[in-house]
Amino acid sequence: MDADITLRVDGETRRLTVDTRTSLLDALRERLGNPSPKKGCDHGQCGACTILLDGQRALSCLALAVAYDGAEITTADGLARDGELHPVQRAFLERDAFQCGYCTPGQICSAVGVIDEFEKGWPSHVTEDLTGEPEITHDEVAERMSGNLCRCAAYVNITPAVQEAAGA
Amino acid sequence: MTDLLEPRAIGQGLVRRDGELKVRGTATYAVETPVENPAYCHPVQATVARGRVTAMDTAAATALDGVLAVLTPFDAERLASTEDAEYAVLQSDEVAFRGQLIGVVIAETSEVARQAADSVRVTYDEQEHDAELAVDHPGLYKPEKVNAGHETDTAEGDVAAAMATPQRDGGVTLERTYSTAMYHNNPLEPHATTALWDADAQFLTLWDSTQGVHPDRAAVCEVFGLEQEQVRVVCPYVGGGFGSKGTPHANVMLAVMAARALPGRPVKLALTRQQMFFLAGYRTPTIQQMQLAADRRGRLQAIAIDVVEQTSRIKEFAEQTGVPARMMYASPNRRSTHRLAALDVPVPSWMRAPGECPGMFGPEVAMDELAEELGLDPVELRVRNEPEVDPETGKPWSSRNLVRCLREGAERFGWAERPRGRREGDWLVGYGVASSVYPTMRQATSTANLRYADGRYVAEIGAADLGTGAWTILPQITADALGVDVGDVDVRIGDTQYPTASVAGGSSGTNTWGSALVVAARAFRDKFGGSPDDGDEISGDVDQAAKDDAHAPYAFGAQFVEARVNADTGEIRVPRLLGVFGVGRVINPRTARSQLIGGMTMGLSMALHENSVWDPRIGQVANHDLAEYHITVNADVGEIEAVWLDEHDPYVNAMGSKGIGEIGITGTAAAVVNAVHAATGVRVRDLPVTLDKVLPGLP
Ligand code: FES
Ligand code: FES
């Protein structure tokens, strides 16, 4: 069964027809030709498909597109504005926080989400003091970024890149 | 001796040229190639481990709206060559392993293709299978050669005699069995292909995720009986491979077959993560029976490794696990053997540092056990067994700085103050060390074309960048060979329209392609001087580059690990990992460090997490996805640092560089095991080191 939906993707309004089984990830990649969110597992196990969905990081492979009619989506490509890279993207370049680049757009969207979660004071599994403001420490960032696998294993560059971009 | 380049761009940590595309996600990988009106493929896989397909009912599949074609062994085109049984997709009704490709559906959308593939009803004549590796498997045989052309067995002196005698003078002997698990490469980008067959022009275009467009093309041409001129393979970016994209697998042939069934229509075939555990290669489990004999001062009198591992019944891959023990340390008596069991299992293949990665596990743990028996510092034990020349060939080393790596690492890591079973709160702390090694290889063929156009130097070579940095470092090499600013040089790679390049494998890419580029650049200067005209052009072959055969070229390294083991739960953490390497001249410190720490982290992953849990009853990996096949995640890594010596090697190539893509994963797992032993007294000899193996032995 097909359904017509509208998505706002990286600031543009896009109307499209999807199979009701189409994931948000496949809607972006296969229907809208946006390669920025990657497919690493299609099962919510790798983080490569991470996007910002109505401002929060989300796994687009676990979302059915038809359920997100009208949603506001930002991909890593959309984080760069007017040819200017986002501070997280610049930090990734500077720290060489990737090799093959396949996990990278997901890592970057996830990092942007993480920084926002810090700003909102959200705790994580490793936050000691649940009443205070969590600090952007190595362990906090590593914990929060652990849903994004990197098989090239750039982790020791990713964590400081996120900390740096967060101004920690 | 080669004529070493004067490094100007070489040695600079330039940011990746493809970096901006990658941080935006706009670098297009194979399946993302924008094409007009693509169709989507979904494979059908065998659900028995051995037998024959007796019937495939595709009626429900073809009846679905949007299904364009269903191919089965009963109606698929006949291939020109079925010599390579892995590539002979849909050519017979025989099933040689569970998960083997037995069909493909092509449909208008990926959803319909998957649904249709699921609806194909298959009946089998199932046969008994044999899918369990054992050290005494009755079918063990001696392969003719092992991977990379190495001898299967080697022997020198008399190991048995040395094992029988050394006690007399206070020496020791050690006999141990070590094993490594089955591992899957699992590059983050699943194996994928976009394929277009133009029937009028009889021309095939493949956008394939591959570590070598030319080897990929050669395999496809062979299988389909096409001429090279009829096939173009394009692959500017590869989302990781670690060897699994070094040779094409059956999925590529299936994609081509699907494209040929639908002329004029581009088709896309991406394996799912789960399918990769059947179809994209893997590292065989290994069983390593080690013997060491040493005199009381720790000098080896014998070293032997007898390896048992598996291959598939339809295609042999013999991992050269015993190879590093042939050359690492001095010993008058030595032996190495490889025996294989050919099982009803998927086809094993290359995975990062085939041979050296598993083969630096058993021996490097055994050295630690030997040091313990002798009451010697394991660093010192290795130093005492430093061979003056390559024990295997008798040749002098092109450069060997293992001792410097060990000493420098010990110094930086605080080895002298190492804790032994020190308890810090709930945690037992210990340090471990192991050596690393990887041969410096150069492939026989690669050609670079160099042209001056519009004020820029443009080099073309069909090389691959799977995250290694080739896009960035090949211009650095070319610029120094030309004596120009690196900003004036473009190097184009990843397309068979460019001259032939060898596979990105064996850590040989930079050595091979870089040498071809240097030949081209020097010839260009000789012919056209310092102010060329627009359109001046020349090519260079790697076989014109100076090649030294008088020395044994290897990179060496030492890795140091701090392990912390929870005294109550057995949980194992590695807060610190340091690698010190002698890898010749480093071309780009920024990308080189990433390769080394990437290899080391994958080694940590092998030590603590990775394990394809094999179910021999049904013949498949039980944990065949990324939720269950654990790889190291961000929170698993603490400090990981890689440093390198200032090493001068005039024999390897004009860059003075050795390969760095694989050495990082060698020795890491042994260092972890040795550190866990130092912390707990428990010696784990079968990977991975998990808490259930440590817990019963905790103090
Ligand atoms: S593709 Fe969505 S989590 Fe892996
Ligand atoms: S950069 Fe390759 S998977 Fe992360």
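Helices, which are DSSP runs of H or I with at least four residues, and strands, which are runs of E with at least two, are numbered from the N terminus. The structure is a predicted model, in which local features need pLDDT of at least 70, side-chain atom pairs count only at pLDDT 80 or more, and totals for chains, interfaces and linings use all residues. Residues are numbered from 1 along each chain as its sequence is written, chains are lettered from A and ligands numbered from 1 in the order in which they are written, and side-chain values use heavy atoms, with hydrogens and water left out.

## Domains

Domain bounds come from an automatic or database domain assignment. For chain A, this assignment gives domain 1 (2–77) and domain 2 (87–165). The contact between them (heavy atoms within 4.5 Å) takes 18 residues from domain 1 of chain A and 17 residues from domain 2 of chain A. Chain B is divided into domain 1 (19–28 + 443–544), domain 2 (33–128 + 185–279) and domain 3 (145–183 + 283–441 + 550–697). Here, 19 residues of domain 1 of chain B touch 17 residues of domain 3 of chain B.

The size of an interface is often given as the accessible area lost when the parts come together. Buried area is accordingly the accessible area (1.4 Å probe) that two parts lose on being put together, summed over both.

| Domain pair | Distance between C-alpha centres | Buried area | Share on carbon and sulfur atoms |
|---|---|---|---|
| Domains 1 and 2 of chain A | 22 Å | about 1300 Å² | 54% |
| Domains 1 and 3 of chain B | 34 Å | about 1200 Å² | 57% |

Three residues, A:K38, A:R57 and A:A76, supply 43% of the area that domain 1 of chain A buries against domain 2 of chain A, more than any other three residues. In chain B, the corresponding residues are B:G506, B:S507 and B:N511, which supply 41% of the area that domain 1 buries against domain 3.

## The second largest pocket

A pocket is found on a 1 Å grid over the protein atoms alone, as an open set of points where a 1.4 Å probe fits, with protein on both sides within 12 Å along at least five of seven lines; lining residues have an atom within 4 Å of a point. About 870 Å³ of space lies in the second largest pocket, where the volume is the space filled by probe spheres set on the grid points, joined across faces, edges and corners. The lining holds 41 residues, and the closest to the centre are A:D26, A:E30, A:K39, A:D42 and B:S110. Two or more residues each come from α1 (24–31) of chain A and from β1 (39–45), α3 (110–118) and β14 (267–270) of chain B. Helix α3(B) gives the most, with 4 residues.

In α3(B), the residues B:S110, B:E111, B:V112, B:A113, B:A116 and B:A117 are buried; buried means under 20% relative accessible area, exposed over 50%, and partly exposed in between (1.4 Å probe, protein chains only). These buried residues pack against β2 (12–19) and α1 of chain A, and against β1, α2, β3 (67–71) and β5 (101–107) of chain B.

## Selected buried residues

B:A61 lies in helix α2 (residues 59–63) of chain B. Its relative accessible area is 0%, so B:A61 counts as buried. Beyond neighbours within four places in sequence, B:A61 is in contact with B:V67, B:V70, B:A116, B:S119 and B:V120.

A:V18 belongs to strand β2 of chain A and is likewise buried, at 0% relative accessibility. With neighbours within four places in sequence left aside, the contacts of A:V18 include A:M1, A:I5, A:A27 and A:V66. A:V18 and A:M1 are 17 residues apart along the chain, and their C-alpha atoms are separated by 8.3 Å.

A:S23 is situated in the loop between β2 and α1 of chain A. This residue is buried, with a relative accessible area of 6%. Not counting residues up to four places away in sequence, A:S23 touches A:S60, A:C61, A:A63, A:L64 and A:A65.

## Backbone features

Most residues other than glycine have a negative phi, and most peptide bonds are trans. A:D10 has a positive phi, near 50°, and is found in the loop between β1 (2–9) and β2 of chain A. At 22% relative accessibility, A:D10 is partly exposed. B:Q202 also has a positive phi near 50°; the residue is placed in the loop between β11 (192–198) and β12 (203–208) of chain B and is partly exposed, at 38%.

A cis peptide bond, with omega about -5°, joins B:L687 and B:P688. The loop between α15 (668–680) and α16 (691–694) of chain B contains B:P688.
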